Amino acid sequence: MGITAVASCLPEQRMTTAELQARVTGGLPLPAGMFAQATGITTRRVAADGEYASDLAVAAGRQVLEQAGLDALDVDLLLFASATRDMAEPATAHVVQAALGGRAHALDVTNACNSFLNGIDLARSMILAGRARRALVVTGETPTRAMRPRLDGMRQARQAFAGYTFGDAGAAVLVEPVATGGILDVDAETHSQHWAVGGIFGGGSRHPRGDEHTYFTGDGHKLRGVFEKIGLGLVERVHHRTGLGWDDYARVLVHQVTLPYLQRFVEVAGVPVDKLEVTVPELGNMASATLGVQLDRVRPGLRTGDKVLLVGLGGGVSLMTMIWEVS
C-alpha cells in the first residue's frame with residue numbers, strides 16, 4: 001500500500017509575526033519582536049473570511065485527483081483527517097465530498113496534529129482489510145481561528161502563547177495498492193495522561209458554548225518536555241526494528257511547532273539537518289497539515305526507491321512514525 005499522489009494548499013493571505021504580536025498584545029509590556037524571537041516564526045498563512053477548513057482540503061484533494069487522472073467517483077474511501085473542522089456535526093468529510101462530487105464512504109479522523117498521519121494509516125489498514133480499494137485522505141487546518149484575539153494580562157499571555165505559533169494550510173494524498181515500495185512501517189506511542197497539557201477545550205460536552213474555551217490554551221514548555229522525554233525512544237525503536245538509519249532516508253519530515261523545538265529535536269535525535277524540510281519559519285505550525293505540506297514540497301525531488309521518514313507529534317499526547325518508499 002502506498003502514497004501515489006500528494007498535494008497541498010496554502011491560503012493566499014499572509015500575516016507576519018510582528019503584525020500578530022501588535023494585534024494581540026495591546027498595551028502589554030512585551031519587547032518588540034518577542035513572538036518572532038521566541039518561536040523562530042516570521043510569517044504564516046491565514047484563511048480568509050469565508051474560507052474554511054473544508055475549502056483548503058477540497059483544493060488539495062482536487063489537485064491530487066488531477067495528478068492521478070481520476071474522478072472523485074474513482075475513490076471509495078474519503079477521510080477528512082484534521083485537528084480542525086467546519087462544524088461539530090456532520091463530519092466535514094461530507095462537506096469535502098459534496099464539493100468534489102464523489103460518493104465514497106466518508107468520515108472524519110481527529111487526533112490533534114497527528115490526524116493526517118493517522119488518516120493515512122487508517123486508509124492503508126482499511127484497504128488491507130478489503131474495506132476499500134482507493135482512498136483519498138485530506139486535511140484542512142485553520143488553527144489561527146483558535147488564537148486568542150487579544151491578551152488581557154501576562155498570565156493569559158503565558159496560557160495562550162503556544163497558540164500564536166499557528167498557520168493555516170491544507171493537504172491531500174491518494175492511498176492505494178502499489179507494486180513496489182509503499183508504506184513500509186508504521187509505529188505509534190500514546191501517553192494519554194498528558195491530555196490536559198494543551199488544547200482547544202470547547203465545542204464538546206465539557207464546554208459546549210462560550211468563547212473562552214474556543215481558544216488554544218496550554219503550557220508549551222511542559223508539552224515540549226513531554227515530547228523530549230518520550231519521543232526519542234520511538235525513533236530509536238523504529239531504527240532497531242527496521243535496521244534503517246539516517247543515511248537510509250532521502251528525507252526526514254518532522255512536525256514543526258517552533259524553530260527552537262525543531263532545533264532541539266535535531267540535537268537530541270541526531271538527524272542530519274540537510275534531510276529536513278524546514279517550513280516553520282515561513283508557515284508556522286500548520287497542525288496536521290504540516291507533514292502534508294512538507295511531503296508535497298519534497299516529492300518532486302524524490303526518485304523510485306527513496307525512503308522518507310515522517311515523524312508526527314500531537315497533543316493528547318501521541319507520537320507517530322511512518323516510513324514511505326517511493327514506488
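Strands S6 (135-141) and S7 (169-176) pair in the antiparallel sense over 7 bridges. Helices (H or I, at least four residues) and strands (E, at least two) are DSSP runs, numbered from the N terminus, and two strands pair if DSSP finds at least two bridges between them. Strands of a sheet pair through backbone hydrogen bonds, either parallel or antiparallel. In S7, Ala172 is the bridge partner of Val138. The model is a predicted one, in which local features need pLDDT of at least 70 and side-chain atom pairs count only at pLDDT 80 or more, while totals for chains, interfaces and linings use all residues. Residues are numbered from 1 along each chain as its sequence is written, and side-chain values use heavy atoms, with hydrogens and water left out.

S7 also runs antiparallel to S1, joined to it by 7 bridges, and Ala171 in S7 stands opposite Ser8. S4 and S6, by contrast, run parallel and are joined by 4 bridges; here Leu77 faces Ala135 in S6. Together, 5 strands form an open sheet with mixed pairing, in the order S1-S7-S6-S4-S5. S1 and strand S5 (105-109) each have a single partner strand, so one side of each is left without a neighbour in the sheet. On average, neighbouring strands of this sheet are turned by 15° against each other, direction ignored. Axes are lines fitted to C-alpha atoms, for helices over the stretch in contact, and angles run from 0 to 180 degrees between N-to-C directions.

Helix H5 packs on this sheet, touching S1, S4, S5, S6 and S7, and its direction makes about 15° with that of S7. Contact here means heavy atoms within 4.5 Å. S7 is mostly covered, with 8 of its 8 residues buried. Buried means under 20% relative accessible area, exposed over 50%, and partly exposed in between (1.4 Å probe, protein chains only). Both faces of S7 are covered: Ala169, Ala171, Val173 and Val175 lie on one side, and Gly170, Ala172, Leu174 and Glu176 on the other.

A second open sheet has 4 strands in the order S8-S13-S12-S11, again with mixed pairing. Its edge strands are S8 (182-190) and S11 (251-254), each pairing on one side only. The twist averages 10° from one strand to the next. S11 and S12 pair in the parallel sense over 4 bridges, and Val252 has Leu309 in S12 as its bridge partner. H5 lies across S8, S12 and S13, running at about 55° to S13. H10 packs on the sheet as well, touching S11, S12 and S13, and its direction makes about 155° with that of S11.

The largest nonpolar core has 31 residues, and those with the most contacts inside it are Ile120, Val137, Val173, Val175, Leu295, Leu310 and Trp324. A nonpolar core is a set of buried Ala, Val, Leu, Ile, Met, Phe, Trp, Tyr and Cys residues joined through side-chain atoms within 4.5 Å. Elements that each supply at least two residues of this core include S1 (2-9), S4 (77-81), H5 (115-128), H10 (289-298), S12 (307-314) and S13 (318-325). The largest share, 6 residues, comes from H5. Apart from this core lies another, of 23 residues, among them Ala7, Cys9, Val96 and Ala104. Leu310 touches Leu117, Leu253, Leu291, Met320, Thr321, Met322 and Trp324, not counting residues up to four places away in sequence.

Ser288 sits in the loop between helix H9 (280-283) and H10. Ser288 counts as buried because its relative accessibility is 2%. A polar atom of the Ser288 side chain lies 3.5 Å from the backbone oxygen of Ala81. With residues up to four places away in sequence left out, Ser288 touches residues including Ala83, Cys113, Phe116, Thr139 and Glu141.

Helix H1 (residues 17-25) has Thr17, Leu20, Gln21, Val24 and Thr25 as its buried residues. Seen down the axis of H1, these fall within an arc of 100°, so they line one face of the helix; the arc is that of the directions from the helix axis to the C-beta atoms. They pack against strand S2 (14-16), helix H2 (34-39) and strand S3 (43-45). On the other side of H1, Ala18 and Ala22 are exposed. Gly26, with a positive phi near 55°, follows H1.

Definitions and conventions
A polar contact is a pair of N or O atoms within 3.5 Å; within protein, one must be able to donate a hydrogen and the other to accept it, and residues adjacent in sequence count only if both atoms are side-chain atoms.
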